[in-house]
Amino acid sequence: MEKEEKKLQKQRVKEEKKIESQTRKQKKKEERKLQKEKERKRRGMDIRWDKLDNTAHLFPVIAGESMSNVYRISVTLNEEVQREPLQQALDMVLPKFDGFNLRLRQGIFWYYFEENGKPAPRVREENTYPCQYIVQNKNNSYLFRVTYYGCRINLEVFHVLTDGMGGTNFLKELTYQYLRLVHPELREKLGDHLSSDTSLNREDSFLRNYKHSHAKGYKTQKAYLLRGERLRKGEFGVMHGYMNIPQLKKVCHSYGVSINEYLVSAFVWSVFLECMHGIPGRRPIRVAVPVNLRPYFNSVTTKNFFTMVSAEFGPTKEDYTFAEVVEIVKDSLRSQITKEHLEELFSYNVSNEKLLIARAVPLVLKNLAIRYVYTSAALANTSTVTNIGNQVIREEYQPYVKMFYAFLAMSKGQNLKGTICSYQDTLVFSFSSVLRDTSVQRGFFRRLAEDGIDVEIESNGVYYE
């Protein structure tokens, strides 16, 4: 036994030295890259730049400390995360992703992206609340951050870069590279190439699929808003509910709805009972539901490519059953989620961007108009529930990966949001909130339990302090 332990110890030391050596080489490589970048600038050579997509124009205008527009996607491994290999993995992967190797610049008429030649941002162990505003000049000018805690790797992204699909695209490759570094047998077998199903496409799919101007399709009437005592400044509450997908599907089938429709309905039902106390109200409960447009328009872009529809429930009586609410939400969503209607929604937005008079307006004036339009639209929704889909990873890495989940930062008028994410046979519904009261979360999970769904609940502890 003693000999075996010594042998294992030697092997660990050898592997650690190998990783340290690789890290030193990578740092030298990055230093050379930075030196070349400085030389390019000195000689006045062109630096790659890129336009923001139609949705991205909004985020730099409204983002700040109180509304960061940062979302988080995390992967939980079956082993503790090591900082140095994770940093090395980021250093190796980032140069391959033009869509993340960017900084944000402010022009006279528009914001724009410019290639960022600085070293990758530093990977840090998580020690603050999630989804905080990303200050570019404190983050090597990058618009994302990578942290870790225990067995978890966190990717936080400023929405101007990409949506949830683009974020998971990057996180998976970062995770693959990390696992190859800490498990050399994977690296020997698979090499350090990007996976064949990883997209690097940077097409503006809004512009490619735009049809001539349509009428506005968004609701602007004010919705019922969730209010109440807030958590202390800077605090951010997170609550996850893990459930078995086959069990969930069985319940959804009994109502004749999809998983997305059922969970949005449970969210609406909880707000109606817990906040409105089952009493008819003047304003409707309206939940914004982002729709990934890629499957509808044959796109693999890593830029933002989504639009919003709204699940609307206007309570006009007191004795609704949950089945009635499910039917109302289902009809509301299905009437909007058609290719033709989705095309109308984003084409209206693109048509405003393409107006010659709008293009000639200085950015400072555009920003005023964008803030006004955003405020009207934001207050028209009670909350947002987004589904980033089922996460599929390569078979070779599956033994090392336990779970994925995601959640959103708060926005104007929306103090509680929900995010759906699934991996293999487990789905997690994640609440993010700045409200101290958790009655909506409790009502939501209670509704699922009443339908026979077993839910395992986990939180970040902020509610127990």
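**Figure 1. Asn304 and its polar partners.** A polar contact of 3.2 Å joins the side chains of Asn304 and Asp53 (a polar contact is a pair of N or O atoms within 3.5 Å; within protein, one must be able to donate a hydrogen and the other to accept it, and residues adjacent in sequence count only if both atoms are side-chain atoms). The model is predicted: local features need pLDDT of at least 70, side-chain atom pairs count only at pLDDT 80 or more, and totals for chains, interfaces and linings use all residues. Numbering runs from 1 along each chain as its sequence is written, and side-chain values use heavy atoms, without hydrogens and water. The Asn304 side chain also reaches the backbone nitrogen of Asp163, at 3.0 Å. Asn304 sits in the loop between α9 (294-297) and β10 (306-313). Helices (H or I, at least four residues) and strands (E, at least two) are DSSP runs, numbered from the N terminus. Asn304 counts as buried because its relative accessibility is 0% (buried is under 20% relative accessible area, exposed over 50%, partly exposed in between; 1.4 Å probe, protein chains only). Beyond its neighbours within four places in sequence, Asn304 is in contact (heavy atoms within 4.5 Å) with residues including Thr55, Phe59, His159, Phe206 and Arg294.

**Figure 2. Asn298 in the α9–β10 loop.** Asn298 lies in the loop between α9 and β10. Its phi is near 50°, a positive value in a residue other than glycine. Most residues other than glycine have a negative phi. Asn298 counts as exposed because its relative accessibility is 71%.

**Figure 3. Gln424 between two strands.** Gln424 is in the loop between β13 (416-423) and β14 (426-433). Gln424 is not a glycine, yet its phi is positive, at about 55°. With 45% relative accessibility, Gln424 counts as partly exposed.

**Figure 4. Tyr296 and Lys339.** Tyr296 belongs to helix α9. Its C-alpha atom is separated by 6.2 Å from that of Lys339, 43 residues apart along the chain. Neighbours within four places in sequence aside, Tyr296 is in contact with Val291, Ile337, Lys339 and Leu342. Tyr296 counts as partly exposed, at 30% relative accessibility.

**Figure 5. Phe144 in the largest nonpolar core.** This core has 73 residues, and Phe144 and Ile153 have the most contacts inside it. A nonpolar core is a set of buried Ala, Val, Leu, Ile, Met, Phe, Trp, Tyr and Cys residues joined through side-chain atoms within 4.5 Å. Helix α4 (residues 164-182) gives the most to this core, with 8 residues. A second, separate core of 56 residues includes Leu248, Val251, Tyr320 and Phe431. Leaving aside neighbours within four places in sequence, Phe144 is in contact with residues including Leu90, Phe100, Ile134, Leu155 and Phe170.

**Figure 6. The second largest pocket.** Its space is about 960 Å³. Of its 38 lining residues, Tyr129, Pro130, Cys131, Gln132 and Tyr133 lie nearest the centre. On a 1 Å grid over the protein atoms alone, a pocket is an open set of points where a 1.4 Å probe fits, with protein on both sides within 12 Å along at least five of seven lines; lining residues have an atom within 4 Å of a point. β5 (124-125) and β6 (144-149) each supply at least two lining residues. β6 gives the most, with 3 residues.

Key
Points joined across faces, edges and corners; volume = space filled by probe spheres on them.
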